[in-house]
Amino acid sequence: MTATAPTPTPIPLTTIAELRQHHSQLVRLGLASHPTHARRLLAFLARDPAAHLPYAARLLAHHPDPHPALFNPLFAALPPCHAARLLALMLSLPLPPDHFTFPRILPAAPLPLAAQLHALLLKLGFHYHAQSLNALLAAYLANARPDLASRAFRTAAPRGTLDVVSWTTMVGGLCKLGLVDEAREVFDEMPERNLISWNAMISGYVKAGRFLDALDVFDEMRALGVQGNGFIAASAVVACTGAGTLAHGWEVHRWVEQSGIKVDEKLATAVVDMYCKCGCVEEAWRVFEALPVKGLTTWNCMIGGFAVHGRGRDAVRLFGRMEREGVAPDDVTLVNVLTACSHAGMVSEGRHYFNHIVERYGVEPKMEHYGCMVDLYGRAGMLDEAQKVIDNMPMEPDVGVLGALFGACRIHGDVDLGEAIGWRVIELDPQNSGRYVLLANLLASAGRWEDVARVRQLMDERNVSKEAGRSVIEVDGEVCEFQCGSLHHPQAAEVYAMARDMMSRIGAEGYAPDTRDVLHDVAEEEKDAPLLYHSEKLAIAFGLLRTRPGDTIRITKNLRVCRDCHEATKFVSRVFEREIVVRDRNRFHHFKDGKCSCNDYW
DNA sequence: CTAGGGTTAG
């Protein structure tokens with residue numbers, strides 16, 4: 001054979017002209033087919049396959065001894081349609097695909113091609129090759145065909161072709177398609193799992209919003225003595241953030257620290273966010289302050305954390321420090337600062353930041369910022385100012401912006417404006433049940449029962465159902481969920497008795513039911529009953545039963561706090577001398593001594 | 001061939 005060493009000094013190949021020149025030189029020296037040179041030429045051509053595929057194909061077609069491996073870099077770089085043509089060339093030489101061919105072509109293959117490759121793979125016996133088979137499973141799953149993937153998966157099992165990657169591919173792929181329960185079935189049957197498998201299941205549950213299930217899997221992993229890594233930590237922390245359960249958050253954080261997992265900036269930010277969203281800003285602050293390096297997102301999380309807890313002064317102070325430390329804010333920072341101002345009633349500060357948003361902060365105001373301003377004015381009762389923001393904004397207001405004004409109308413009882421916007425907002429977002437409920441509440445508060453009925457009828461016609469209220473409370477590390485009006489809890493009778501007792505005790509101290517949000521045209525005295533069954537009251541009653549006197553009661557709920565629960569909780573905090581922290585859909589309420597941190601605007 | 005994590009008005 002020819003050369004043992006590449007004779008021409010490898011000149012850098014940067015243009016196709018250089019490559020042609022180099023190639024011709026190699027041809028003259030009889031070195032063009034030398035594996036090293038041929039691979040180098042093909043690697044260059046693979047960088048722009050759309051332009052150079054014919055060239056590459058010629059090179060391969062004239063190669064005296066084309067090895068399948070020469071094709072693989074090209075396959076990896078090709079769009080699927082060209083990959084198919086190159087495969088055809090390969091087969092025509094004739095040259096069989098090798099172990100890298102299918103894994104290289106399949107990931108980007110659209111369905112018809114994937115199916116053809118499936119047939120070829122069977123014909124050539126690659127269904128005994130785990131990597132090829134796994135690539136096929138991934139391709140079917142990427143094309144949203146869990147049926148085809150599952151069939152290939154099941155038929156491969158008796159052959160013993162499956163490995164841990166095959167199983168993990170199924171778990172992750174099914175999760176991505178929203179088939180998280182099916183994924184769990186596969187996961188439970190896995191003969192062997194690695195950290196990737198565990199994380200696929202945990203993060204799959206997180207993506208599906210099934211945070212407690214995610215944490216169950218995480219616990220199972222630890223119970224088996226499996227050491228985690230940064231991926232698992234991230235997923236578990238985010239699961240706690242979603243669940244809003246501080247006890248879980250503490251535990252996962254402690255586990256991260258004990259297990260020696262390296263906490264990088266992103267993971268640290270996730271932890272800060274977790275403590276904020278689990279109701280413990282103080283702990284978020286401790287973690288935040290201890291960080292040697294804070295990224296923009298870290299600042300944003302902390303400022304946003306203060307914002308949702310109604311601590312506008314702290315948010316603004318932190319923003320000032322961020323500025324002094326030379327960290328340039330972005331659009332999210334400004335949204336968080338404006339939210340902080342609006343949740344704390346700091347109208348003039350909010351206006352100030354908004355007015356200087358471009359020249360001082362270098363941020364182009366977007367829809368979100370206008371929404372914040374509408375919310376800022378609207379919450380403060382300056383509905384005409386809010387309306388002016390909408391009239392003068394440079395883009396068409398979206399549902400969110402109008403929704404902010406609508407929400408303000410509800411707070412301040414402006415039925416006329418609220419109704420006008422309410423119908424419009426519902427038409428813009430007809431599947432959002434909360435908006436119907438808000439409009440119905442507004443109309444009900446004005447005693448307009450026939451219009452309330454119209455709203456309810458519209459919901460029926462469109463098959464939009466009112467989301468059931470759910471409240472989660474943790475007691476002794478146990479998580480209990482209460483659903484509005486549901487009797488499923490094992491201690492239901494006791495809880496209801498406690499709830500009734502609780503209500504009569506605060507009633508004796510001056511609490512009166514606020515029935516404005518009750519959507520039935522019934523006699524006043526009959527309206528009180530359904531209010532008692534709101535999930536939040538049941539959860540608080542349960543908390544009073546099961547926690548020690550003086551313990552903070554923490555509740556996370558899926559909807560906004562209703563006015564009656566808000567009022568009742570204020571009384572409970574005073575009468576039972578408890579701090580009660582409620583995370584609702586939008587923000588946190590800290591109830592203490594008969595007052596709430598939201599100052600009754602939420 | 002299998003996994004990723006942070007912030008955003010209502």
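Q: Is Tyr361 buried or exposed?
A: In this predicted model, Tyr361 has a relative accessibility of 7%. A residue counts as buried under 20%. Tyr361 is therefore classed as buried.

Q: Which kind of aromatic pair do the rings of Phe319 and Tyr361 form?
A: The ring centres of Phe319 and Tyr361 are 5.2 Å apart, and their planes stand at 50 degrees. Planes under 30 degrees apart would count as stacked and those over 60 as edge-to-face. The pair of Phe319 and Tyr361 is therefore tilted.

Q: How many residues apart are Phe319 and Tyr361?
A: Phe319 belongs to helix H19 (residues 312–324), and at 2% relative accessibility it counts as buried. Tyr361 lies in the loop between helix H21 (347–355) and helix H22 (367–379). The pair links distant parts of the chain, with a separation of 42 residues.

Q: How many aromatic pairs does a search of the whole structure find, and which kind is the pair of Phe288 and Trp299?
A: The search finds 15 aromatic pairs. In the pair of Phe288 and Trp299, the centres are 5.3 Å apart and the planes are at 80 degrees. Planes over 60 degrees apart count as edge-to-face. The answers are thus 15 pairs and, for Phe288 with Trp299, edge-to-face.

Q: Which helices hold Phe288 and Trp299?
A: The pair ties together parts that are 11 residues apart in sequence. Phe288 is buried at 0% relative accessibility, and Trp299 is buried with a relative accessible area of 1%. Phe288 lies in residues 281–290 and Trp299 in residues 296–308, which are helix H17 and helix H18.

Q: Which residues form one aromatic cluster?
A: Phe288 and Trp299 form an edge-to-face pair. Both belong to a cluster that also includes Trp285 and Phe306. The cluster is formed by Trp285, Phe288, Trp299 and Phe306.

Q: Over which rings do the charged ends of Arg193 and Arg505 sit?
A: The charged end of Arg193 is 4.8 Å from the centre of the ring it sits over, that of Trp198. For Arg505, the distance to the ring centre of Phe576 is 4.4 Å. The rings are those of Trp198 and Phe576.

Q: How many residues surround DNA strand B?
A: The residues of the surface near DNA strand B divide into 14 nonpolar, 17 polar and 12 charged. The closest are Asn134, Asp264, Asn300, Asp375 and Arg379.

Q: What covers the buried residues of helix H9?
A: The buried residues of helix H9 (residues 146–156) include Leu148, Ala152 and Phe153. What covers the buried residues of H9 includes helices H7, H8, H10 and H11.

Q: With which side chain does the side chain of Ser535 make a polar contact?
A: Ser535 lies in helix H30 (residues 535–546) and is buried, with a relative accessible area of 1%. Among the residues that Ser535 touches are Gly469, Arg470 and Phe482. Its polar contact, at 2.8 Å, is with the side chain of Ser471.

Key:
Residues numbered from 1 in each chain as written. Chains lettered and ligands numbered in written order. Predicted model: local features only at pLDDT ≥ 70, side-chain atom pairs only at ≥ 80, totals over all residues. Heavy atoms only, no water. Phe/Tyr/Trp six-rings, centres within 6.5 Å; stacked < 30°, edge-to-face > 60°. Helix = DSSP H or I, 4+ residues; strand = E, 2+ residues; numbered from the N terminus. Buried < 20%, exposed > 50% of the residue type's maximum accessible area, 1.4 Å probe, protein only. Lys NZ or Arg CZ within 6 Å of the ring centre and 35° of its normal. Near = heavy atom within 4 Å. Nonpolar A, V, L, I, M, F, W, Y, C, P; charged D, E, K, R; others polar. Contact = heavy atoms within 4.5 Å. Polar contact = N/O pair within 3.5 Å; in protein donor to acceptor, adjacent residues only side chain to side chain. Lists of a residue's contacts leave out its neighbours within four places in sequence.
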